[in-house]
Amino acid sequence: AKSPERSGLEFDLPVHIFFKSLGLSVAPVDSMLMGGVCAVSDKPAFQAFLVGLKSQIGTDEDFREYRQDGVYLLKPMGEEFILAYDGQVVVFLGTDYAPSEDSTFAREQLNKFLRERCIELLKAQGGFRKAGWSQYLNRSDSMACFLDWDALIEYGMHTGTDIDQEGMAAYMAIPERFRNFNVSAGIRFVKGALLLDAQYHFPDGDPYQGMAGRGVPNALLHPVTGDALGFAAFSVSMPAVVKFVEEVILPISLKELQKDPAFNPADLPSLDQEIPDLGLTFRDLFKVPSGDFVFAITDFDTDEDIPEFIIGAGIGNESAHARLIKVFLTDELVQSLNLLGMGFVRQGDNLFFGSHGNLARVRNGSAGGRLPTSLRSRASRQPVFLHVQLKEVARLIRANASTTDPEIRRILYILGKLDSISYEGGMTRGTLSLNLRDPDRHSLQLLMDIIELAMLESSGL
């Protein structure tokens, strides 16, 4: 259909797309099952749409049509794909598994499986309950998807031809409770922004529970200016980080080191081993930071080697921090950093490292309050917060790149419609926001404009 509405589909309601393992009980090798669920708003229009779709693909002989349990099913011949329709909802399912042409039984079994799954989805009140995916999908999203990550990896191991075996071995060395998870994501098109929500679901319990901090204090955000190119704020629980290192990182490192015939397990340091000439153990080092960190780039000039930046960290253990500073922050290092336009500044319970201009603002407090209240509030209450001013990125591109280059002009056109991009959330759940310059403009309208521009360029118009 030239117009989506003429298809009879209800685009004011969410269209849900999902990916799932087909299962070894259906296929001899693990394969992927992909499907979608969409509401129908106009029955005659949708039926006309199906007739037109069939005529574009082939003739009636190219399809098999079924009626089962009050459901109409349509299957293209030779394709592992089925469309099902019950008068209110349309479901489609397909798989990349193709049984041998000689195996009529296998093809019929797969066909039967797809038909039954379609009917199961339709009968489950719009395809979202009892079918196993309802707990992962937010019905308020414009689009939503669910990925069984562990099944996806298993699928890649069985069917991929270019798998990085070394990387896969490292991945499989990660404890199963960290690998066994699902991912759900939803996109919302609203006025002034495009929002992407994502969440990890751990069937065996959240292994990252307790690792997230409470958000960075305002004192750490103090040097971040409102016109900064971008900044990131992280807040973690250092005791939880230490536990993660002991239970995950060190065992994985040990497995990797054991591959070396010359490796002696006694050479692997423990967190309680004292570091020579420092007088601190590795466990003491983890106590130095409080777990709150901020990083910001306030300006960038391509003629300079180093951008204007600031890094801040809260101090957790005063004695361990003092020992670390005494050993490493020598006069020679301070002078070398000074020649490069960088240095350190201590303010209260925070230590800042950055370029001279930003450190001057830390000393005299001139940056206080320049970060918008909304950003400061969001960054101080979330364990993870990231914000990039796309307007400033566009300004830098105009100043340092050729605006006659078609690719650059395309990028500037898109950036000209955008204000900023931000992410906020925790260890297993977060929201990415793409914010438009015009708060009254609908993000779906912007997306369609960009798609139209891409199609015109690809056709040479």
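How many residues apart in helix α13 are Arg 395 and Glu 392? Keep that in mind as you read; point 3 comes back to it.

1. The protein has a mean pLDDT of 80, and 80% of its residues reach 70 or more. Over residues 125–134, however, the pLDDT is below 50, although this stretch has 22 contacts in the model beyond near neighbours in sequence. Where pLDDT is low, the predicted coordinates should not be read in detail.

2. The structure holds 13 salt bridges. One of them joins Glu 108 and Arg 64, with 3.4 Å between the closest N and O atoms. Look for Glu 108 in helix α2 (residues 104–123) and for Arg 64 in strand β3 (residues 63–68); the two are 44 residues apart, and the pair links distant parts of the chain. Glu 108 counts as partly exposed because its relative accessibility is 36%. Arg 64 is also partly exposed, with a relative accessible area of 30%.

3. Asp 419 and Lys 391 meet through their side chains in a salt bridge (3.2 Å, N to O). Asp 419 lies in strand β18 (residues 418–425) and Lys 391 in helix α13 (residues 390–400), so this pair ties together parts that are 28 residues apart in sequence. With 35% relative accessibility, Lys 391 counts as partly exposed. Now for the opening question: Arg 395 and Glu 392 are three residues apart in helix α13, which means that about one helical turn separates them. They form a salt bridge too, and their closest N and O atoms are 2.9 Å apart. Arg 395 is partly exposed, at a relative accessible area of 39%.

4. **A network.** Salt bridges can also be followed through a group of residues here: Glu 246, Asp 272 and Arg 283 are linked in a network of them.

5. Is Asp 197 buried or exposed? Asp 197 counts as buried, because its relative accessibility is 17% and the cut-off for buried is under 20%. You will find Asp 197 in strand β9 (residues 193–201). The side chain of Asp 197 makes a polar contact of 2.5 Å with the side chain of Thr 431.

6. Finally, have a look at Leu 444, Leu 447, Met 448 and Ile 451, which make a nonpolar surface patch of about 310 Å². Leu 444 sits in helix α15 (residues 443–458). At 36% relative accessibility, Leu 444 counts as partly exposed.

Terms used
Residues are numbered from 1 along each chain as its sequence is written. Side-chain values use heavy atoms; hydrogens and water are left out. Patches are made of residues with over 30% relative accessible area and no salt bridge: like charges are joined within 9 Å, nonpolar side chains (Val, Leu, Ile, Met, Phe, Trp, Tyr) within 5 Å. Accessible areas come from the Shrake-Rupley method with a 1.4 Å probe; for residues, only the protein chains shown count as cover. A salt bridge is a side-chain nitrogen of Lys or Arg within 4 Å of a carboxyl oxygen of Asp or Glu. Helices (H or I, at least four residues) and strands (E, at least two) are DSSP runs, numbered from the N terminus. Buried means under 20% relative accessible area, exposed over 50%, partly exposed in between (1.4 Å probe, protein chains only). A polar contact is a pair of N or O atoms within 3.5 Å; within protein, one must be able to donate a hydrogen and the other to accept it, and residues adjacent in sequence count only if both atoms are side-chain atoms. pLDDT is the predictor's confidence in each residue, from 0 to 100. Contact means heavy atoms within 4.5 Å.
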